[in-house]
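Please consider the structure below with attention to its side-chain contacts.

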Amino acid sequence: MAKLYGKEMRKEEILSYVGNLSQLIDARECVLSSGKAEGVRAIDVKTGSGLNFCVLPSRGLDIAWADFQGKALSFLSRSGVVKPECLGYDGHQSDRSFMGGLLTTCGLTNVGPAPEGVGYHGRISNIPAYDVGISRYWEGDEYMVVITGKIRESCAMAEDLELHRTITTSLGRKSFQIEDIVSNEGCRPQVLMLLLHINFGYPIVCENTELFLSASTKVKPLDEVSGKELEHYRTMQRPELNKEYNVFLHETEPGRKAYACLFNHKIQLGAYVKYHTEDFEKFMQWKMMRAGEYVCALEPCNSYSLGRKTLLESKKAKYIEPGEKISFRYQIGVVESLLEMSALEK
C-alpha cells in the first residue's frame, strides 16, 4: 500500500480521491533551454511523499537536482548542468562538466588519475542514454514509476561496454532504487571500474550533520592532507574559505547489506545510500568544507579511485568477460529520524 500524508491507502481508496495520478506522482519529460545546458533532456520525478528528483538522459541518466519537502538534498557545482557537446563526450575537462548533482556515475573503464582525454571521473556520465523509456503502472496497491535506458561506452579497437539503468520508485515512497547492469558487448575482457558519486549538500550537510556508516570496519586517509582530518571524518564543520578537500577510504564488511547516511540532527533529516557489499566492495567519502563548494559525497565503488594504471600494475583491477553481465543495485532516499535510519539494515 501507498503511505500518503501519514495514512496507508489502497488502490481503490486513492482512485476515489484522485482522477489523474499525475496530481500526486509523475515523471515529466522536458528539455533544458538555456546556457551550457541547452538541449539537455530531463525527466522530473515526484513521488507524492515530498521527494522530487531530476534524471538527465543526456547525461547518462544521472540525477541533478533533488529535494524533500522543500529542503535541498543534492549539491550542485559551479559548473552546473553542462551538455556533453560543450566539452566532448570523453569528458577530458571533467571538472568543467562535473555538475555534482545527486548522482554522477563514474567509470566505466577508469576512475581516478588518467591519461589526457579520459578524465578523472571517466566517460560514462558524459554519454547520452538511448532507448529511454518511462513506465507507469499499478502493481497491486502500489503505483510504480520506472525509468529505463542504456548508455554505451565504446571505441573502435577498444572497449565496448553497455550500462542498462533502471530507476524505480512508487507512490508515497521517500526513496528510489537503481539497478545498473553492465555488460561487455566486445570480444575481449575489459577492466571495469564503477563508482557512484552521490553528492549531498546544504542543508543535509552542515555543522549539525553526522555521518553514519553501518558496514565500515576500517578507515584511512587518501593523502597527507586528509590524514590531518581523519579524526573528524564523521562530523561536518562550518564552511571555510581556503579549506582543502579530504578523501577517506573505507573497508567494509563483506557479504552484507550496508548503508551510509548523513543525518542533520537539528532539522531531523538524513539522506542515505543503501547497497550490498557484494556489489560494491569498497566505499569512499569525499568531504569538502570549502566555502562555496560545500559538499560531502558518499561513494560506493567496486575499487578505489586510484586510476586504471595503478590498479593494473598492482594486479587489483576488476574485469568483465565477453558476454558477461554484472548487476549493481542500490537505493537512495531520506529518513526523518535516527530510528528510521536504523531500520535501513533490514
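The paragraphs that follow describe ring pairs and then charged contacts in this predicted model.

A pair of aromatic rings is described by the distance of the centres and the angle of the planes. The structure holds eight such aromatic pairs. In one of them, Tyr 233 and Phe 248, the ring centres are 6.0 Å apart and the planes meet at 55 degrees, so the pair is tilted. Tyr 233 belongs to the loop between helix H3 (224–227) and strand E17 (246–252), whereas Phe 248 lies in strand E17, so the pair ties together parts 15 residues apart in sequence. Both Tyr 233 and Phe 248 are buried.

Phe 280 and Phe 328 also form a tilted pair, with 5.4 Å from centre to centre and 40 degrees between the planes. This pair links distant parts of the chain, 48 residues apart: Phe 280 sits in the loop between strands E19 (269–276) and E20 (282–290), and Phe 328 in strand E23. Phe 280 and Phe 328 are both buried.

Turning to charged groups, the structure holds 25 salt bridges. Arg 234 forms one with Glu 210, the closest N and O atoms being 2.9 Å apart. Arg 234 lies in the loop between H3 and E17 and Glu 210 in strand E15, 24 residues apart. Arg 234 also lies over the face of Phe 212, at 5.3 Å from the ring centre. With a relative accessible area of 29%, Arg 234 is partly exposed.

Glu 253 and Arg 256 form another salt bridge, at 3.1 Å from N to O. Glu 253 is partly exposed at 31% relative accessibility, whereas Arg 256 is buried at 17%.

Key. Residues numbered from 1 in each chain as written. Predicted model: local features only at pLDDT ≥ 70, side-chain atom pairs only at ≥ 80, totals over all residues. Heavy atoms only, no water. Phe/Tyr/Trp six-rings, centres within 6.5 Å; stacked < 30°, edge-to-face > 60°. Helix = DSSP H or I, 4+ residues; strand = E, 2+ residues; numbered from the N terminus. Buried < 20%, exposed > 50% of the residue type's maximum accessible area, 1.4 Å probe, protein only. Lys NZ or Arg CZ within 6 Å of the ring centre and 35° of its normal. Salt bridge = Lys/Arg side-chain N within 4 Å of Asp/Glu carboxyl O.
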